[in-house]
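Colleague: Could you take me closely through one part of this model, and then follow its contacts outward into the rest of the chain? I would like the criteria stated as you go.

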Amino acid sequence: MKTQHRTNAWYFFALSIIGLATAWYFNFLAVLGREDYLADGFTSNVDWVYSLDLLIGGIAGMSLIVIEGRRLKMRFLWAYIALAFVTAFAFVFPLFLAMRSLRLHKILLAGGKLKTYSFDNHPVIVWVPGDVGPETPVLVMHDGHNLFDPATSTFGATWGILDALRDRRPGGSRIRGNRKPLIIGVTYVDGDGTKRGLEYGPEDIWRARPHLAKQIPSEWNTKGPLGNAYHQLIAEKILPTIAAEFGVELARERTAMGGSSMGALTSLYGLIKYPELYGTALAYSTHWPLGGNEMIDEYIARLPEPGTHRIWSDGGTIELDALYAPYQEYFKARMADKGYREGVDYIEAVYPNTGHSELWWAGRVEHPINWWLDPNEPKSTPENPFGWVGKPQD
């Protein structure tokens with residue numbers, strides 16, 4: 001993800017170097033010539049214009065360094081002021097602006113960094129927290145191109161994950177927990193939307209009940225389902241490779257998979273295929289109408305036994321999500337029949353007056369993630385209406 005802040009930083013660094021070089025060069029000539037800075041600097045009216053212009057501009061600039069630096073929580077502000085007196089303001093001020101641009105870039109990326117990869121023609125973009133370590137949680141999400149960058153998003157809107165991760169004092173970030181997760185966004189092969197359904201579909205269920213596969217658009221069904229190969233790529237190549245690169249030790253209780261619509265269905269399917277790898281599935285606007293109650297029954301039958309895994313599924317009430325209500329209720333009842341405890345092992349949530357797009361999911365992106373990161377998080381209740389979802393940061 002390219003940002004203008006990085007470009008700005010290089011521009012200001014270049015100005016800073018020029019300012020330092022010219023100041024040193026002409027100071028060197030002035031010292032050799034034994035020139036009088038005060039006398040020569042205030043000899044004529046033109047000299048007074050230049051000197052006072054620099055003096056007043058310098059005072060304003062140093063004030064800006066202090067005010068803006070404090071606002072952005074930048075360090076060593078005193079050093080910029082001190083350097084201005086021993087080098088040149090033409091060096092110090094562009095240097096500050098360059099460091100400010102890098103600070104804004106870091107804030108935009110929520111204190112972490114984004115890295116891009118390609119695995120077997122599947123674009124992958126990863127958000128890496130600044131404190132990544134062995135016990136960092138890992139969240140694998142589908143439709144990775146829609147997660148972080150509006151420039152790559154299908155409809156120009158993202159999930160707002162970076163905003164939810166960003167520290168906003170005094171309330172802190174919306175995504176809470178003791179550690180921010182490493183987020184791995186995986187996109188379908190070649191970024192070709194016509195192959196999305198093939199890779200995100202529940203292959204084993206479609207093969208067991210072929211009539212369910214007939215409900216998918218004909219353009220999807222040209223090569224048969226590809227869900228198993230897609231999840232094998234994630235489980236056996238993408239996830240272990242990236243975890244190893246950043247020194248993360250994978251553990252089921254710290255590893256989750258999430259997505260929306262068909263991405264929600266395939267998140268649940270990933271839990272079914274690799275229950276030893278994923279401890280939680282986070283399904284936003286689960287697209288149950290694709291196979292209806294019959295497909296729900298197949299999912300329920302294949303899910304791990306209750307007590308070892310956790311599942312979040314939700315939906316809205318407008319747009320495409322308006323079709324979901326009866327299936328959500330059926331899923332909720334079948335989960336209880338299997339022995340999953342509502343609010344403990346699973347949640348089936350309804351978000352009134354929300355629909356089916358990244359803009360809606362961005363408004364609640366942190367709710368399932370916080371529930372995964374800490375099942376005992378504080379919650380608002382009728383007795384405590386001012387509680388919050390998530391834990392405060394240290």
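Modeller: The buried residues of helix H10 are Gly227, Tyr230, His231, Leu233, Ile234, Ala235, Ile238, Leu239, Ile242 and Ala243, where buried means under 20% relative accessible area, exposed over 50% and partly exposed in between, with a 1.4 Å probe and protein chains only. Helices (H or I, at least four residues) and strands (E, at least two) are DSSP runs numbered from the N terminus. This is a predicted model, in which local features need pLDDT of at least 70 and side-chain atom pairs count only at pLDDT 80 or more, whereas totals for chains, interfaces and linings use all residues. Residues are numbered from 1 along each chain as its sequence is written, and side-chain values use heavy atoms, with hydrogens and water left out.

H10 covers residues 227–245, and at 1.5 Å a residue its 19 residues should span 27 Å, which agrees with the 26 Å between its end C-alpha atoms; the expected span is 1.5 Å times one less than the number of residues. After the helix comes Gly247, whose phi is positive, near 70 degrees.

Asp143 has a positive phi of about 55 degrees; Asp143 sits in the loop between strand E3 (138–142) and helix H6 (161–165), and with a relative accessible area of 5% Asp143 is buried. Glu319 likewise has a positive phi, near 55 degrees, in the loop between strand E7 (310–316) and helix H13 (325–338), but Glu319 counts as partly exposed at 45% relative accessibility.

Glu245 forms a salt bridge with Lys115, the closest N and O atoms being 2.8 Å apart, where a salt bridge is a side-chain nitrogen of Lys or Arg within 4 Å of a carboxyl oxygen of Asp or Glu. Lys115 belongs to strand E1 (residues 113–119) and Glu245 to helix H10, so that the pair joins parts of the chain 130 residues apart. Both partners are partly exposed, Lys115 with a relative accessible area of 29% and Glu245 at 40%.

The structure holds 20 salt bridges, and a few others put this one in context. Lys273 pairs with Asp204, with the closest N and O atoms 2.9 Å apart; here helix H11 (residues 262–273), which holds Lys273, is linked to helix H8 (residues 203–208), which holds Asp204, the two residues being 69 apart. Lys273 is partly exposed at 28% relative accessibility, as is Asp204 at 26%. Salt bridges that share partners also join Asp163, Arg166, Arg174 and Glu366 into one network. A local case is the 2.8 Å (N to O) salt bridge of Glu68 with Arg71, both in helix H3 (residues 45–71) and 3 residues apart, about one turn of the helix. Glu68 is buried, with a relative accessible area of 10%, whereas Arg71 is exposed at 52%.
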